[in-house]
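Dear colleague,

Please find the structure below, handed over for your records. My notes on what was found in it follow directly after.

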Amino acid sequence: MGEHIIKLPDVGEGVAEAELVEWHVKIGDIVREDTVLAAVMTDKATVEIPSPVDGEILWLGAEIGDTVAIGSPIVRLKVAGEGNVKPQGGDVEAVAAEPPAKLPTPKPEAAAPAAKTPPKAGGTDVKPAPAVAKSPQQPSVSGAPRPEGEKPLASPAVRLRAKEAGIDLRQVAGSGPAGRIGHEDIEAFLARGPQVARASGLARNDAIQDIKVVGLRRKIAEKMTLSKSRIPHITYVEEIDVTALEDLRAALNKEKRAGKVERPKLTLLPFLMRAMVRAISDQPNLNSLFDDEAGIIHQHGGIHIGIAAQTPSGLVVPVVKHAEARDIWECGAEVIRLAEAAKSGTATRDELSGSTITITSLGAMGGVATTPVINHPEVAIIGVNKMMVRPVWDGTQFIPRKMMNLSSSFDHRVIDGWDAAVFIQRIKALLETPALIFVD
């Protein structure tokens with residue numbers, strides 16, 4: 001038998017380290033070749049690390065949330081044969097016998113009752129503390145609540161005290177004969193604050209769970225903190241009448257094209273993307289990245305629209321590249337493709353980076369208004385709120401119209417409030433008269 005060390009492999013060009021986000025094995029597990037051992041994250045791409053050999057897990061070299069350098073040992077296996085761990089001077093690189101500092105220290109087992117304490121230095125014996133005998137009157141703290149309809153045994157004075165304290169006596173374990181509840185049982189029950197059950201059937205819960213922020217959630221936290229700490233946001237909210245747009249969208253989705261490739265089902269997003277392209281042609285400074293350290297605004301010709309998408313792992317932003325060169329159906333097809341890749345975790349790093357302006361939408365959960373956070377280092381983000389039918393005054397009467405708010409944020413260092421308003425008003429005009437979106 002020998003030992004085999006698995007090191008963190010090269011998980012991407014130019015990547016020097018990765019964050020460990022998940023262990024799929026534990027010490028003592030028997031694994032086979034190609035068994036997934038762990039998952040690591042670089043930027044926003046998660047990579048699974050398989051085992052190259054069969055063996056038994058002896059050691060895990062990092063904890064969830066640790067940043068591990070490429071080439072660092074992460075797993076030690078006991079394998080049949082010699083393995084790849086050789087003595088110093090061997091053909092294979094030796095791995096230090098002592099585990100790294102990240103090796104978790106096993107918790108000591110509780111001493112058996114009959115175990116003797118070793119003597120102190122100097123020969124003086126240390127006497128173990130005598131065990132505390134449980135008083136016959138000490139109530140049990142783990143007794144199950146009495147079933148519905150079973151009347152607890154207690155004196156009228158005890159019942160009155162329990163009533164004044166809001167205690168359900170069925171939840172109190174009695175220490176007296178036949179489980180009779182006394183005043184000392186009430187006092188012990190009150191002392192166990194987190195377990196107090198009131199007469200209403202509600203119980204207090206003082207539990208605290210510590211959850212380590214790792215993986216994609218940590219990346220999101222870092223990104224949001226950077227954006228809010230560096231960018232002075234200004235948010236502009238405008239109401240859009242999308243009745244005509246929704247009628248057009250429904251008509252286009254029903255249209256059948258004989259003998260031609262079937263078009264994707266259109267949502268609101270492709271129309272908004274094309275409206276943004278038209279509006280950016282008038283205000284190209286909205287399609288920029290601001291390098292605030294160098295004091296340079298990088299104004300891009302290509303319009304790369306990020307679509308903030310919620311996935312089981314957290315928020316990611318797949319990017320529709322060169323929206324200015326795509327028609328409304330091509331935009332729709334690309335949005336669908338990228339959304340599916342993001343949710344399945346197969347989106348590449350290139351598909352999740354390079355945006356110059358972003359759309360964020362919560363769909364039907366979008367609320368009336370939001371204050372979206374800019375995707376640093378961009379200078380603008382367009383927020384889509386939920387669509388609702390509202391009564392709108394047309395000058396003579398109220399009529400039902402499909403209304404939707406756009407809540408959009410801008411980097412006030414680069415975009416003045418007036419320019420932000422002009423930009424959104426241009427998008428509003430295009431969405432309320434959607435035929436204009438198709439006019440070159």
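Strand β2 (residues 17-23) pairs with β4 in the antiparallel sense over four bridges; two strands count as paired if DSSP finds at least two bridges between them. Strands (E, at least two residues) and helices (H or I, at least four) are DSSP runs, numbered from the N terminus. Trp23 stands opposite Ala38 in β4.

This is a predicted model, in which local features need pLDDT of at least 70 and side-chain atom pairs count only at pLDDT 80 or more, while totals for chains, interfaces and linings use all residues. Residues are numbered from 1 along each chain as its sequence is written, and side-chain values use heavy atoms, with hydrogens and water left out.

The two strands belong to an open sheet of four, in the order β5-β4-β2-β7, with antiparallel pairing. At its edges stand β5 (45-50) and β7 (67-69); each has a single partner strand, so one side of each is left without a neighbour in the sheet. On average, neighbouring strands of this sheet are turned by 40° against each other, direction ignored. Helix α3 (residues 215-230) packs on the sheet and touches β2, β4 and β7, and its direction makes about 130° with that of β2. Contact here means heavy atoms within 4.5 Å; axes are lines fitted to C-alpha atoms, for helices over the stretch in contact, and angles run from 0 to 180 degrees between N-to-C directions.

The structure holds three aromatic pairs. Rings of Phe, Tyr and Trp (its six-membered ring) pair if their centres lie within 6.5 Å; planes under 30 degrees apart count as stacked, over 60 as edge-to-face and the rest as tilted. One of the pairs is formed by Trp329 and Phe438, whose ring centres are 6.4 Å apart with the planes at 45°, so this pair is tilted. Because Trp329 lies in helix α6 and Phe438 in the segment after α7 (417-432), the pair ties together parts that are 109 residues apart in sequence. Trp329 is buried, with a relative accessible area of 16%, whereas Phe438 is partly exposed at 38%. Buried means under 20% relative accessible area, exposed over 50%, and partly exposed in between (1.4 Å probe, protein chains only).

Another of the pairs, Phe410 and Phe423, is edge-to-face, with 6.4 Å from centre to centre and 90° between the planes. Phe410 is in strand β17 (residues 398-411) and Phe423 in helix α7, 13 residues apart. Phe410 is buried, with a relative accessible area of 0%, and Phe423 is buried, also with 0%.

Charged side chains also lie over rings. Arg263 lies over the face of Trp329, at 3.7 Å from the ring centre, and Arg76 over the face of Trp59, at 5.1 Å. The criterion is that NZ of Lys or CZ of Arg is within 6 Å of the ring centre and within 35 degrees of the ring normal.

His376 and Pro377 are joined by a cis peptide bond, with omega about 10°, and Pro377 lies in the loop between β15 (357-361) and β16 (380-393). Asp34, although not a glycine, has a positive phi of about 80°; Asp34 is placed in the loop between β3 (30-31) and β4 (36-42) and is exposed, with a relative accessible area of 58%.

With kind regards
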